[in-house]
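Hi,

Here is the structure I promised to pass on to you. Have a look at it first, and then read my notes below.

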Amino acid sequence: MNKKKRIVIAASAGFAMAFFMPQQADAMHIMEGYLQPVHCIAWGIVCVPFLVAGFLSIRKTLQKNRKVLMILMMAGAYAFVLSALKIPSVTGSSSHPTGTELGAILFGPSAMAVLGILVLLFQAILLAHGGLTTLGANTFSMAIAGPFVAYGIYTLCKKFNVNKSVSVFVAAFIGDLFTYIVTSFQLALAHPSEVGGIGASFAEFTAIFAVTQIPLAVIEGLVTVAVMKGLESFAAPELTQLGYLKEGR
């Protein structure tokens, strides 16, 4: 990767710094204190094996070729920026893209678990976005569930020779929506409705966020395709080494 390519990719990380501004913690990241201690601990425990697998996956990838480190950093910065952009929703809440599907497609879903928890940790500390006690729950929904589904969808599309851009769009779109389905389940599990229980609460949470999240998922899909196209132009050798592009492209 030459100097020009490094500057372009590194600019993504610098762009994230522009969003280091205090915000209220009312977004779809589950806010501090909104889950009971037992739920916080349980979701944290569930995340541990995925984080271990992610650490081993990243180490193996970098041992093979350290030149993809800049792409890895860019994937983390991309997730940070997109998931920090909050769009007002209904009932005083808000929605946002996740940005985790790009990293999952390039490095695998396990690696995104590690990048995702770092993103969420910095957002909780620097932006008051999410929380430390809810870090496990937020990590599972945004950095594990969404990326694994996105990677599975992309792999399935690839198997059936679907156009690459279409595959990326569909993977990002469904991965984004699945993240919020899982988050809605987590919230419903912690705050079941007095009338209909967990099922009614889940339906209520998903309905609330669907208003803004479906359009956001479409936008995220398009943005992810655009970013991938840019990477194909500036970092084709690295994408080939990661297996995203074929040899001799």
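**Helix 2 and its partners**

The buried residues of helix 2 pack against helix 3, helix 5, helix 6 and helix 7. Buried here means under 20% relative accessible area, exposed means over 50%, and partly exposed is in between, with a 1.4 Å probe and protein chains only. When I say that things pack, touch or are in contact, I mean heavy atoms within 4.5 Å. Helices (H or I, at least four residues) and strands (E, at least two) are DSSP runs, numbered from the N terminus.

Before going on, a word on where this comes from: it is a predicted model, so local features need pLDDT of at least 70 and side-chain atom pairs count only at pLDDT 80 or more, while totals for chains, interfaces and linings use all residues. Residues are numbered from 1 along each chain as its sequence is written, and side-chain values use heavy atoms, with hydrogens and water left out.

Back to helix 2. Its buried residues are H39, C40, W43, C47, G54, I58 and L62. C47 counts as buried because its relative accessibility is 2%. Helix 2 also has a kink of about 30° at V48, shortly before the proline P49; the bend at a residue is the angle between axes fitted to the seven residues ending there and the seven starting there. What about the length of helix 2? Its end C-alpha atoms are 41 Å apart, which agrees with the 40 Å that its 28 residues should span at 1.5 Å a residue. The expected span is 1.5 Å times one less than the number of residues.

**The chain overall**

The chain has nine helices and two strands, and from the N terminus on its elements run α-α-α-β-β-α-α-α-α-α-α. Of its 249 residues, 49% count as buried. Among contacts in the chain with a separation of 6 or more, 77% are between residues 24 or more positions apart. As for disulfides (pairs of cysteine sulfur atoms within 2.5 Å), the count comes to zero.

**The cores**

A nonpolar core is a set of buried Ala, Val, Leu, Ile, Met, Phe, Trp, Tyr and Cys residues joined through side-chain atoms within 4.5 Å. The largest one has 39 residues, and I71, L106, F107 and Y244 touch the most other members. Helix 2 (37-64), helix 3 (69-84), helix 4 (101-107), helix 5 (109-126), helix 6 (135-159), helix 7 (164-190) and helix 8 (197-234) each supply at least two residues of this core. Helix 3 gives the largest share, 10 residues.

Which residues does L106 contact, leaving aside its neighbours within four places in sequence? They are I71, M228, L231, L239, L242 and Y244. Another core, of 17 residues, lies apart from the largest one, with I30, A113, A137 and A145 among its members.

**Helix 6, the loop and helix 7**

Helix 6 has 25 residues and reaches 34 Å from its first C-alpha to its last, close to the 36 Å expected at 1.5 Å a residue. It bends by about 25° at S141. N161 lies in the loop between helix 6 and helix 7, and its phi is near 55°, a positive value in a residue other than glycine. Is N161 buried or exposed? It is exposed, because its relative accessible area is 68%.

N163 caps the N-terminal end of helix 7, with a side-chain oxygen 3.0 Å from the backbone nitrogen of S165. Such a polar contact is a pair of N or O atoms within 3.5 Å; within protein, one must be able to donate a hydrogen and the other to accept it, and residues adjacent in sequence count only if both atoms are side-chain atoms. The 27 residues of helix 7 should span 39 Å at 1.5 Å a residue, and its end C-alpha atoms are 39 Å apart, which agrees.

T179 lies in helix 7 and is buried, with a relative accessible area of 3%. Leaving aside neighbours within four places in sequence, T179 is in contact with T98, S141, M142 and G146.

**Two more residues to look at**

F202 lies in helix 8 and is partly exposed, at 28% relative accessible area. Not counting residues up to four places away in sequence, F202 touches I181, S184, F185 and A188.

T240 lies in helix 9 (residues 236-241) and is buried, because its relative accessible area is 19%. A polar atom of the T240 side chain lies 2.8 Å from the backbone oxygen of A236.

Cheers
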